[in-house]
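This report looks at one helix with its surroundings and at one strand with its pairing partners. Please keep the sequence and the coordinates at hand while reading.

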Amino acid sequence: MWNEPSAGIAVSALDPDSVSRQPQPAVVDSVEPGSIGEELGFEPGDQLLSINGVRPRDLIDYRYLCVEEELHLEVRDAAGELHRVELEKDADDGLGLGFTEALFDGLRQCNNGCPFCFIDQQPPGRRGSLYLKDDDFRLSFLYGSYLTLTNLTEADWQRIEAQRLSPLYVSVHATEPELRARLLDNPRAGLLLDQLAWFAERDLQIHAQVVVCPGLNDGAALDRTLSDLSRFAGGEWPAVLSAAVVPVGLTRFRPADDGLVPVDPACARDVIARVEARQGQYRTELGTRFTWLSDEWYLIAGLPLPPRDDYEDLPQQENGVGSIRAFLEALDQATTDLPERVPHPRRCSWVVGRIVEQALKPVTDRLNGVDGVSLLLHGLPSPYWGQDQVVTGLLTGRDLIDGLQGRDLGEELLLPSVMLRQGQPVFLDDMDLDTLRAALPVPVRVVEGAADIVASVLGPSGESS
């Protein structure tokens, strides 16, 4: 069996005619001011070809290779000229380079056929990045994206162990082998419990998620899944650090015969009761609640969110577990010392997804208690996705234009940045921010978070960002 090197592929082993995955040069996107990279003269567009004779496959390899105190770099600049650079540095000093991609040998895409996959529930004809079904263990380690473990090769498992790529984030959905294989439409999905044992034997760790599909993996199946996962959650080095339970998201673009039904309030209340009962049990047995519900369950059920302490250290906040609670906490902090009045009357609007509208009313009322402030909160559905109760980040440009038509928007609209593609002013339906601004009768201000929202409500109208 061929064993991959601990990091990267030796330049001498690269074969441009091979059909196997070949890492491409790492293209520099940014250079940190004052960094070693800036001192060496790196510029955006430069290509890092190798480090000590090894070409990195991805950002992980790059970081491993840069730990060496003596580095021999091969670089091709934007003009095509080849440079060889030698340097000495401390082991913990990085080069300060950012790259256009995290993976230099391509994205590992999903080989499953989950009927509830949100990627497959989109209309055709949008930007290509919306249709990439990521199932790459490297992005899971780097950014916390979820993978299923179904497409890992023996070399991948070896690399996870050799480079200690932990924790990973794993979409479990069910632990009963036949049920998981059916949910993922992949016979390899039934190997999950053996794979969890593999992590446990090597002191490697994961965070798990369960997407609940009513009638398929809820009820007794959910009980079994959480029980199985909890068996790997004990000891000094638990293999499963946490388990997030989230509701399936369904759009109007899915096939009519997929057999899926949306989560309703009754289902939400049942799931909440099951998980909360286990939280108490696990807190006694494991010293942690271990399993958490995403905030959407409580909003769908019409129940108040748990207090902040119930989320412990927010192990899966990016998965919606405590994200709304943390946002409300940040809003509370930002509004603890409000002025009695503002020097200039301020009348503006704030648009959010309908599912969070009621949760945000108390802070809206608090801000409206300031003399001179009039804040209008608009919670919108998403006809684009066919969802009435939708989170803010899924609202599209067309949802905003249609949903805000005829509404009182005040003098300015506050638009949460979570609706836009990271780093680009584009919505999920490919509408750009300028198109939205041209369609609305008031200026649009993009707001980044709780403090920015409060400051925008209290401050005078300025140039919209």
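What follows describes a predicted model, taking the helix and then the strand.

Helix α14, which spans residues 450–458, has as its buried residues Ala450, Ile453, Val454, Ser456 and Val457. Because these residues cover an arc of only 165 degrees around the axis, they lie on the same side of α14. An α-helix has 3.6 residues a turn, so residues three or four places apart point the same way. The cover over the buried residues of α14 includes the helices α10 (323–334) and α11 (357–368), together with the strands β13 (341–353), β14 (371–380), β15 (413–416) and β16 (444–447).

With regard to α10, its axis and that of α14 come within 8 Å and cross at roughly 45 degrees, and α10 is therefore oblique to α14. The crossing of these two helices, α10 and α14, is right-handed, and the contact is formed by Phe327, Ala330, Leu331 and Ala334 on the α10 side and by Ala450, Ala451, Ile453 and Val454 on the α14 side.

Strand β3, residues 47–51, is mostly covered, since four of its five residues are buried.

| Strand | Residues | Sense of pairing with β3 | Bridges |
|---|---|---|---|
| β2 | 26–31 | antiparallel | two |
| β5 | 70–76 | antiparallel | four |

Gln47 of β3 takes part in both pairings: Gln47 is the bridge partner of Val27, and Gln47 also stands opposite Arg76 in β5.

Key: Residues are numbered from 1 along each chain as its sequence is written. This is a predicted model: local features need pLDDT of at least 70, side-chain atom pairs count only at pLDDT 80 or more; totals for chains, interfaces and linings use all residues. Side-chain values use heavy atoms; hydrogens and water are left out. Buried means under 20% relative accessible area, exposed over 50%, partly exposed in between (1.4 Å probe, protein chains only). The arc is that of the directions from the helix axis to the C-beta atoms. Contact means heavy atoms within 4.5 Å. Two strands pair if DSSP finds at least two bridges between them. Axes are lines fitted to C-alpha atoms, for helices over the stretch in contact, and angles run from 0 to 180 degrees between N-to-C directions. Angles under 35 degrees count as roughly parallel, over 145 as roughly antiparallel, 65 to 115 as roughly perpendicular and the rest as oblique. A crossing is left-handed if the near helix is turned anticlockwise from the far one by less than a right angle, and right-handed if clockwise.
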